[in-house]
Amino acid sequence: MNTNWAGNVRFSTDRTAHPATVAELQETVAAADRVRAVGTAHSFNDIADTTGLMVSTAALPADVRVAPDRRTASVPAGAPFAHVARALHAEGLALGNMGSLPHISVAGAVATGTHGSGDANPVLSGYVAAVEYVRADGALARVSRGDDAFDGSVVALGALGIATRLDLDVRESFDLRQDLFLDAPWEPVLDAFDDLTGGVYSASLFIQDWASPAITQVLLKHHTEPRLPDGVTARYSSARAVSPVAGASDDTVTLQGGATGPWLERLPHFRHDAPPSNAGDELQSEYFIDRARLPQVLRELRREADAVDPALLVSEIRTMAADDLWLSGAYHRATAGVHFTWKRDMDAVRGALAAVERVLDRHDARPHWGKLAGPAFADRLARFPRGRAFAELAAHSDPSGKFRNAYLDRVLGA
């Protein structure tokens with residue numbers, strides 16, 4: 001693996017390890033001078049990069065172990081969500097939510113605060129009940145919900161160690177349907193936003209053109225047929241599936257058109273057995289804001305359409321419940337995520353980011369740890385109320401700086 005998934009980051013080392021057992025991983029970490037974990041490399045910045053040894057946990061035992069009370073399951077850190085979802089579904093169990101791509105690794109998604117959507121659904125890290133990881137000295141550690149350091153040890157940026165397994169909250173399996181509405185005029189959606197997202201299990205707004213008078217797609221995931229709030233008009237799509245990315249193949253998208261199916265085939269936007277999203281030919285940025293500010297933020301972003309649209313493939317708006325995790329974008333506030341999928345044109349993206357961040361900087365936004373941000377958000381840690389507490393936890397957990405890299409040096413201070 002020479003680059004990240006998008007190809008915009010070339011890794012600084014060709015030294016890689018693929019331990020097959022936890023004991024081998026412990027020995028590898030203990031012997032290394034500098035080490036970083038890499039999962040599916042779906043981050044769009046250099047968070048996984050290192051000049052030392054890059055370690056993948058994908059070869060560790062991949063079994064999914066359901067607890068006797070069937071309320072949690074121990075899952076392999078390096079496995080993609082698709083693998084975990086299939087194993088749980090075979091047991092009649094489910095995850096409460098998934099991200100748009102089932103291809104990403106569990107530990108990578110958790111460590112960077114990645115999320116799905118739904119007013120009552122936390123970020124994916126919010127479903128973590130315990131983390132097992134290898135510390136800098138090679139010792140195996142475990143932190144569980146309720147432990148003093150737990151809230152700082154889940155969205156942890158790889159700064160505390162290399163995760164081997166995670167215990168995730170699970171529930172009984174369930175079915176969902178996806179209903180897609182096209183060309184919804186902006187103002188009625190913004191005026192009724194709480195009713196729109198509160199009436200379904202999960203909602204996403206897709207914007208292909210911020211200057212357009214209408215939101216391109218409104219995608220609703222629910223147990224029964226959803227109803228648009230009064231005043232919101234849009235064309236219903238009866239198509240089997242429509243990609244949110246203009247010009248991309250519809251064959252990569254999970255089944256829409258109101259067809260009911262199991263949770264693992266409806267919660268992700270993209271199929272696990274097809275190339276994800278725009279097949280890597282893209283860059284991504286994302287920011288988390290207080291959801292109460294969302295209508296005003298979107299109105300202000302629309303005024304920046306001339307700078308944003310030339311670089312844009314698609315934007316997505318999602319919601320998530322508040323949580324207590326220190327570096328979560330939804331820490332202590334009900335949150336909306338404003339996501340940008342960009343063309344691979346860094347000159348255009350820099351201009352677009354400058355415009356986007358002029359708006360979001362005024363609204364106490366927090367950046368996604370695994371995605372691109374511009375100069376206005378260079379001091380990411382300051383955007384999080386418990387950021388300094390996390391820096392102290394990282395320094396205490398890894399005093400030698402074994403897990404540090406250029407990214408963590410910038411975030412935590414060199």
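Predicted model: local features only at pLDDT ≥ 70, side-chain atom pairs only at ≥ 80, totals over all residues.

Over the ring of which residue does the charged end of Arg171 sit? The ring is that of Phe174, and the charged end of Arg171 is 4.0 Å from its centre. Here a charge sits over a ring if NZ of Lys or CZ of Arg is within 6 Å of the ring centre and within 35 degrees of the ring normal. Arg386 likewise lies over the face of Trp326, at 4.4 Å from the ring centre.

Residues are numbered from 1 along each chain as its sequence is written, and side-chain values use heavy atoms, with hydrogens and water left out.

I turn to the aromatic pairs. Rings of Phe, Tyr and Trp (for Trp, the six-membered ring) pair if their centres lie within 6.5 Å; planes under 30 degrees apart count as stacked, over 60 as edge-to-face and the rest as tilted. The count by this rule is nine pairs. One of them joins Trp5 and Phe44 edge-to-face, at 5.9 Å centre to centre and 85 degrees between the planes. Trp5 belongs to the segment before strand 1, and Phe44 to the loop between strand 2 and strand 3, 39 residues apart. Strands (E, at least two residues) and helices (H or I, at least four) are DSSP runs, numbered from the N terminus.

Is Phe44 buried or exposed? Phe44 counts as buried, at 0% relative accessibility, whereas Trp5, at 23%, counts as partly exposed. Buried means under 20% relative accessible area, exposed over 50% and partly exposed in between, with a 1.4 Å probe and protein chains only.

Next, the interior. A nonpolar core is a set of buried Ala, Val, Leu, Ile, Met, Phe, Trp, Tyr and Cys residues joined through side-chain atoms within 4.5 Å. The largest such core has 61 residues, of which Leu157, Leu166, Trp263, Trp369 and Phe390 touch the most other members. Helix 9 gives the most to this core, with five residues. Apart from this core lies another, of 46 residues, including Phe193 and Phe377.

Helix 9 spans residues 387–397, and its buried residues include Phe390 and Leu393. These buried residues pack against helix 10 (406–412).

Technical notes: Contact = heavy atoms within 4.5 Å.
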